[in-house]
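Some notes on the side-chain contacts follow, point by point. Please read them with the model open.

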Amino acid sequence: MPSIMREIFFVVLLLACFAQRTQAQGPFNQYDAYIVNGLPDNSQNFQAHIFSGDDDLGYHDLKVNENFRWHFKMSYFGTTKFYAHFWWGKDKERGFAVFDKHLAPLCGEVGNLTINICWWLVKEDGFYLANNTDPAFRDLIKMN
């Protein structure tokens with residue numbers, strides 16, 4: 001195969017791979033993530049610290065039924081990852097990844113918009129993930 005043909009073949013192959021990745025995983029997909037305080041009404045101080053390797057979104061004190069929302073795009077290589085550390089009550093705390101390439105498929109699209117929803121509900125018995133902002137209980141996936 002002549003050199004120019006190999007170069008053209010290589011470029012076409014790269015474009016095909018990019019197109020397939022765009023359809024399959026959606027590089028640069030947009031996400032809205034929520035942390036919702038679903039603890040009982042008499043709960044004490046709930047605080048969440050949200051951060052990634054690039055961004056520190058700060059500490060957020062959330063009253064019962066309040067939420068913190070942030071918006072981001074998935075990196076092309078799928079390396080976007082957000083963590084959260086939670087504190088509530090007198091001595092309860094927990095930390096884990098609230099978004100990464102493994103959790104992304106659990107976040108759902110809103111209609112035909114290109115925004116995916118990652119909705120975390122914090123309850124007394126654990127942490128639940130849903131793919132919409134008004135999930136029925138059966139749509140909640142207990143994660144931790």
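1. Rings of Phe, Tyr and Trp (its six-membered ring) are taken to pair if their centres lie within 6.5 Å; planes under 30 degrees apart count as stacked, over 60 as edge-to-face and the rest as tilted. One aromatic cluster is formed by Tyr31, Phe68, Trp70, Phe72, Phe82 and Phe99.

2. On the basis: this is a predicted model, where local features need pLDDT of at least 70 and side-chain atom pairs count only at pLDDT 80 or more, while totals for chains, interfaces and linings use all residues. Residues are numbered from 1 along each chain as its sequence is written, and side-chain values use heavy atoms, with hydrogens and water left out.

3. The whole structure holds 17 aromatic pairs. One of them, Phe46 with Phe86, is stacked, at 5.9 Å centre to centre and 20° between the planes. Phe46 sits in strand E2 (residues 46-52) and Phe86 in strand E5 (residues 82-88), 40 residues apart; strands (E, at least two residues) are DSSP runs numbered from the N terminus. Phe46 has a relative accessible area of 3% and Phe86 one of 1%, so both count as buried (under 20%, 1.4 Å probe, protein chains only).

4. Phe72 and Phe82 make a tilted pair, 4.7 Å centre to centre with 50° between the planes. Phe72 belongs to strand E4 (residues 67-73) and Phe82 to strand E5, so this pair ties together parts ten residues apart in sequence. Phe72 is buried at 7%, and Phe82 is buried at 4%.

5. There is one disulfide (cysteine sulfur atoms within 2.5 Å): Cys107 to Cys118, with the sulfur atoms 1.9 Å apart. The S-S torsion is about 110°, so the disulfide is right-handed. Both Cys107 and Cys118 are buried.

Conventions:
Buried < 20%, exposed > 50% of the residue type's maximum accessible area, 1.4 Å probe, protein only. Helix = DSSP H or I, 4+ residues; strand = E, 2+ residues; numbered from the N terminus.
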